[in-house]
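Subject: Structure for you to look at

Hello,

Here is the structure I said I would pass on. Please open it first, then read the notes below it.

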Amino acid sequence: MEAVAAIAYVDAVRLRRALSAGIQHVIARQEHLNAINVFPVPDGDTGTNIAFTLRAVLAAMSDEPGRHAGHLLETVASAALDGARGNSGAIFAQFFQGLAERSRELAALGPADFSAAVSHAASSARGALTQPKEGTLLTVMSDFAAALREALAARSGTDVQELMVQGLARAEVSLANTPNQLEVLKKAGVVDAGAQGFVDLVRGVVEFLEDGSLDELPADAPLPAEAHPKGVELDKEYRYCTECLVQGEALDRAALSAELAVVGGSLVVAGGARKLRVHIHLNSPDALFRIAARHGKVSGEKADDMWRQARLAGKRVARPAIVTDSGADIPAALLESLDIHMVPVRVHFGDHAYLDKVSLKPTDFYRELRENPQAPKTSQPPPGDFRREFSILGGHYEAVLSIGLTSRASGTFQAGAAAAARTDDAAVSTLDSCTVSCGQGLLAMYAAECALAGLDAAATLGAVRAMMPRTRTYGMVPDLTSAVRGGRVPRSKKLVADLLHVTPLLTARPDGEVRSCGVLLGRAGRVAKFARYLARHAPAGGPLRLLIGHCAAPDAAQVLLEELRRVLPEVESAHITEAGPALGAHAGPGALVVGLQAYAPPRLT
């Protein structure tokens, strides 16, 4: 190989190319990182989280064409904070924040500037944690920074490339030593996954500096034997890995950290005076969002169920994963038993946002609906929520099938479809259910049954499509107050309904539009009248499955079930669940929704 000229400085052009090469190297290794993830919890998503964070950096760098290294690093730091996911992603983001803080005035970084920036970045990353642990990503970052300082002290003529080579060598030694510093790693027989990701980043940069190429691993490369942790036990103290972004002026990172330190574990608060990325493990995700809201504007709320993720760690499931959004109303027990994964819709009361059915359970939503003078609003999950879910599941299942809320009522399906188109590391199919609530829930449940019965993704998709015309959804809205309050129904219609003592009925049409389908006359016995209406409009062609959703009306739901069993003897199975905010925000307390499905068992072809 020809001798490579010394690199006396790094400007934005060199930095962009080198960092891009390092990021691509990490992305190519993300499944390996997922497989060795045992700390702080063995939920198998460290690689996905780091890759998600670094993809945000890649996208931002492509939009920053300038030649000023400091400005580029500020762009990188901001993008990393916006895109950071997981404990390791937040630490990476703070490392980039530290680089930017030390370099923002520098158009180019010489060896001494680069070393000083890395030292500041490693110290800054450590400061983002209230309880830093040795044998982790923090240790390897610190050792990498120390190697750069020592190389400069030993020889004044050291160039940037030589610094990186010596830093990589020290980082690799530090990485290999992590099991000797952290017992959980030694017991599992692996190195720290986040630290491995940092070493992969540095290695990708060094290889690029040496020969201008990147030796990417093939996507299906077999994992080495040490990539399969042994004897790992799940920490049952905290269930949710919860995150958000906090923006404002003169944010006090130390004060926010102090408030959060008493409510959970694995706390990372990364960022600066105007923007903070918060990561914490706890059992009540809304505790983070409420505390954070006292410090600034909260956005990017996320909460992952670590217990559920941990059950997949190290496994490869030979069937498609079924995903839906929280617009689907499904009993929690069936979500678990049928292995259905749910992406939460956002629910807003004024400036405060919740994650539907995660940080805001239906029961709590209806209490808030009664007590809060502000009308609730719902909004679709951002595509990034879907994309991350698809990426995680794609690492464990042969494919992913997402069953979405009707596109005629919400942009949720489009968000999922957009995410699927940009998910390169998983085979993802999306289906517009053309229905809502319990109807959508029945279709997601049927998809899960098909997958469990052995149908592949294509066959499952076909079976669900065939089931769509055999699935119908109807709703009864006794009180139009919430619909008027939310702007869905003019006040004049409520006045007419109240004056005539009629109860509106709604249905999801075959094209997915939710429209009025009639009224029930008189207020007396309207649940029984609704049951008779459903009996006349139930789909034919097989035994019936019922799913009843109620908006804070469990007694009415039970009466409806009893009436339906009386007038529909062909009912094969029936479930009751509390309908979530996607329906309740518009239908209001007392509303009932019913999904009816003419069931046909999944069949292998």
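Angles run from 0 to 180 degrees between N-to-C directions, along axes fitted to C-alpha atoms. Please keep in mind that this is a predicted model.

With that settled, helix H12 (residues 285-293) lies across S1, strand S3 (275-282) and S4. The helix runs at about 15° to S1.

The sheet itself is open and has 4 strands, in the order S2-S3-S1-S4, with antiparallel pairing. Strand S2 (265-271) and strand S4 (297-305) are the edge strands, and each pairs on one side only. From one strand to the next, the twist averages 10°. As background, strands of a sheet pair through backbone hydrogen bonds, either parallel or antiparallel.

Which residue in S4 is the bridge partner of Thr242? That partner is Ala303.

The other item is the largest pocket, with a volume of about 1,100 Å³. Its lining is made up of 49 residues, and Arg488, Val489, Leu506, Val514 and His586 lie nearest the centre of the pocket. By class, 28 residues of the lining are nonpolar, 14 are polar and 7 are charged. Several elements each supply at least two residues of this lining, among them helix H21 (491-500), strand S13 (502-508), strand S14 (514-521) and helix H24 (581-587).

Regards

Methods
Residues are numbered from 1 along each chain as its sequence is written. This is a predicted model: local features need pLDDT of at least 70, side-chain atom pairs count only at pLDDT 80 or more; totals for chains, interfaces and linings use all residues. Side-chain values use heavy atoms; hydrogens and water are left out. Two strands pair if DSSP finds at least two bridges between them. Contact means heavy atoms within 4.5 Å. On a 1 Å grid over the protein atoms alone, a cavity is a set of points where a 1.4 Å probe fits but cannot get out, and a pocket is an open set with protein on both sides within 12 Å along at least five of seven lines; lining residues have an atom within 4 Å of a point. Grid points are joined across faces, edges and corners, and a volume is the space filled by probe spheres set on the points. Ala, Val, Leu, Ile, Met, Phe, Trp, Tyr, Cys and Pro count as nonpolar, Asp, Glu, Lys and Arg as charged, and the others, Gly among them, as polar.
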